[in-house]
Amino acid sequence: MDAEQHSLFENPQDTPLAARLRPQTLDEIVGQQHLLGEGKVLRRLIESDRISSMIFWGPPGVGKTTLARVIANRTRATFINFSAVTSGIKEIRAVMQQAEDNRRFGERTIVFVDEIHRFNKAQQDAFLPFVEKGSIILIGATTENPSFEVNGALLSRCRVFVLQALSTEDLVSLLSRALCDPRGFGGQNVRIEPDMLETVANFANGDARAALSTLEMLVLNGETDETGVTVTRQTLEQCTARKSLLYDKNGEEHYNLISALHKSMRNSDPDAAVYWLARMLEAGEDPLYVARRITRFASEDVGLADPRALEICVAAYQACHLIGMPECTVHLTEAVVYLSLAPKSNALYLAYGRASKDALSQLSEPVPLQLRNAPTKLMKELDYGRDYQYAHDTADKLTDMQCLPDSLLGKSYYRPTREGLESRFYDRFEQIKAWKKAHAAPQDENSGT
């Protein structure tokens, strides 16, 4: 009975395909040729067993953990696999003590930390002194930008290697190997059309683990007879009914996609803008987040070139709030296409930037007396509001009253463009400046100004 149970648990076919086919050597790894090709830096470090502390950064399923395991197979150092998901300060200290003991006996210790971005600052700090004095060689794996997720002091002592999403060709090669390899489906005579493998590769979105899992699902649901297994197109369609999108609403890809949306609208490309909008919404992004971002865009990148842009974006936000997904997708699409085709001006954005720079350096600059309210007798006695000119009392609705502090007199912040409706504001602004120049009070020759 025990022997039978043991054999069942040891059955390799019970292990997921992705785990069975995990590469054991550098030559079995697909992709990452910029790091692992002949003569490339990471390959040389691994082959010569001269590993230093490093961070593997890349999307899911591109080989970060696999690389660590290959290093474990080749190195003469003690290799400790450490999970940021299940480990805390207590476990870190125990591992560091083991590493210290190894160092006293002249042995190196490589500590591999999967998902290192999940560690908080205190946990990451616990590694730092041991990395500094060489007690351990730290290898971290992360899907998040280490610039944001790894402590600066720790990051400065690690070399960052960027792993790229696998290409369709890489994944087709991997899937073909899975059909022939004895560790995969080599003995089952699986019949599947080559273009179907390409469909699986595209569906996986650069993720080897996702590609192999999909292939495994196809084979398990294939039509079986005495000659083997046939994967039909109907099965393929059922298993790839909804694309798995690479998206983490709290991670870097979140910001990459909103950046792509903004820059497509700014570049007046409605097709690209709608695509990036769909990528975000179909991956589960909050439509109100998108609505807030495009509302900012309406003033930052369109501004007075088309003042209606802001109205449309605010209306789209209200529509999203009222009816939610999926109905509000069309409202966001309307706003995104409008912004893409609208004339562009960043004059308002630049105006505030110029003004804020002066405001920060002139925080103590007093408000001119003529601009101050005088609700009390004392304030009037102190000349608050004296020489204030009420524009509505004049024929031209204009006055030559000074509104900037003396130190900023003559400064120009808003500089309108000739784009779209802003050309009307440009003309009006020029008229106002010409009027004020013509009606400027003569300077007092003895004032020194």
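**Burial, contacts and strand pairing**

Author: Asp-181 counts as buried, at 13% relative accessibility. The model is predicted: local features require pLDDT of at least 70, side-chain atom pairs count only at pLDDT 80 or more, and totals for chains, interfaces and linings use all residues. Residues are numbered from 1 along each chain as its sequence is written, and side-chain values use heavy atoms, with hydrogens and water left out.

Reader: Why is Asp-181 called buried?

Author: Buried means under 20% relative accessible area, exposed over 50%, and partly exposed in between (1.4 Å probe, protein chains only). Asp-181 has 13%, and therefore counts as buried. Asp-181 lies in the loop between α10 (168-180) and β6. Leaving aside neighbours within four places in sequence, Asp-181 contacts Leu-21 and Gly-186, where contact means heavy atoms within 4.5 Å.

Reader: What makes Thr-66 buried?

Author: The relative accessible area of Thr-66 is 9%, so Thr-66 is buried. Thr-66 is located in helix α5 (residues 64-74); helices (H or I, at least four residues) and strands (E, at least two) are DSSP runs, numbered from the N terminus. Not counting residues up to four places away in sequence, Thr-66 touches Arg-22, Pro-23 and Ile-29.

Reader: Why are β6 and β8 said to pair?

Author: Two strands pair if DSSP finds at least two bridges between them. β6 and β8 (residues 228-230) have 2 bridges, in the parallel sense, and therefore count as paired. Arg-191 stands opposite Thr-230 in β8.
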